[in-house]
Amino acid sequence: MSLGSGIIPDESVFADFRRQCMSTENWQNKYNKNGMEVWVEVPSINLPQGKKTNLAKVHKIKCKIAISDVSAATMYDVLHDNKYRKTWDPAMLESFEIARVAHNADVGYYSWLCPKPLKNRDVVTLRSWQASEDEYIIVNYSVKHPKYPPRKDLVRAVSILTGYLIKPTGPNSCSFTYLSQADPKGSLPKWAVNKASQVLAPKVMKSVYKAGQNYGAWKALNSPDQKPWLYPIQSELPMMDPAELIIQRGDSLENVDESSVWDTQENEDSS
């Protein structure tokens, strides 16, 4: 992902993200049922016979769902509304915005539960967004924040690129696409990460969709006019100089040894 001269995404980043979401070239369909599609990127390469490649081992995955009873604007609000997320995201341990870095960008923290005996994960990301009448885009990627280094009790994961493209298909319907390339770090086998992402992503999509169905009633009782993602003047976050942030690379993080978890699992599977 190229960010040009700064750390905040420019128009080229949004354009490339849009292109990836809408493209089927070099994407393999893994699931297509009940209006839900799951795709995995298959990089197009031409290498001399016998030569190995250094392609990323963590798949880029894309999920798309056709929503018939929730507007694009509502789904966009659901993704932004951190207070509402606490009511519908059962995996969340902690989530909060840290600071604004532009009128359409902020830095945030999110930690989540992992199945035992795996260690729980967290991530610090820079998130940026665009909204218009015909589409809504949110993208994020991991950054290093000077006041939020990796914690000893959690494994710091890495979002290489994650985001959403929402396009209205009617006044109360939309096409909702989620695209992600993320590394949970630790020493989880990449095959397990890739397999789990194909199973978990549709479940996450269904949870977000259900949250969209219930958002109107909840928001009517919880500061209905407060939407700082639409009206930056409402934001109470402190401003931060984006120059204080650095892109988080996965190879700079410690790999926590969780191999015993998979040894145990393999033994159980073979017994």
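In the predicted model, isoleucine 67 stands opposite cysteine 174 of strand E10. This contact belongs to the antiparallel pairing of strand E3 (residues 61–67) with E10, which runs over seven bridges. E10 also pairs in the antiparallel sense with strand E9 (residues 158–170), over 11 bridges; within E10, tyrosine 178 is the bridge partner of tyrosine 164. Two residues separate E9 from E10 in the hairpin that they form. Of the 11 residues of E10 (residues 173–183), 10 are buried, so the strand is largely enclosed by the rest of the structure.

A search of the whole structure returned 10 aromatic pairs. One of them joins tyrosine 84 and tryptophan 218 in a tilted arrangement, at 4.8 Å centre to centre with 45 degrees between the planes. Because tyrosine 84 lies in helix H3 (residues 82–88) and tryptophan 218 in helix H4 (residues 190–220), this pair ties together parts that are 134 residues apart in sequence. Both residues are buried. Ring pairs link Tyr84 and Trp218 with Tyr215 into a cluster.

The pair of tyrosine 109 and tyrosine 148 is also tilted, with ring centres 6.5 Å apart and planes at 35 degrees. Tyrosine 109 lies in strand E5 (residues 105–112) and tyrosine 148 in the loop between strands E7 (136–144) and E8 (155–156), so parts 39 residues apart in sequence are tied together. Tyrosine 109 counts as buried at 3% relative accessibility, whereas tyrosine 148, at 28%, counts as partly exposed.

Lysine 62 lies over the faces of two tryptophan rings, at 4.1 Å from the ring centre of tryptophan 27 and at 6.0 Å from that of tryptophan 39.

Technical notes
Residues are numbered from 1 along each chain as its sequence is written. This is a predicted model: local features need pLDDT of at least 70, side-chain atom pairs count only at pLDDT 80 or more; totals for chains, interfaces and linings use all residues. Side-chain values use heavy atoms; hydrogens and water are left out. Buried means under 20% relative accessible area, exposed over 50%, partly exposed in between (1.4 Å probe, protein chains only). Helices (H or I, at least four residues) and strands (E, at least two) are DSSP runs, numbered from the N terminus. Two strands pair if DSSP finds at least two bridges between them. Rings of Phe, Tyr and Trp (its six-membered ring) pair if their centres lie within 6.5 Å; planes under 30 degrees apart count as stacked, over 60 as edge-to-face and the rest as tilted. A charge sits over a ring if NZ of Lys or CZ of Arg is within 6 Å of the ring centre and within 35 degrees of the ring normal.
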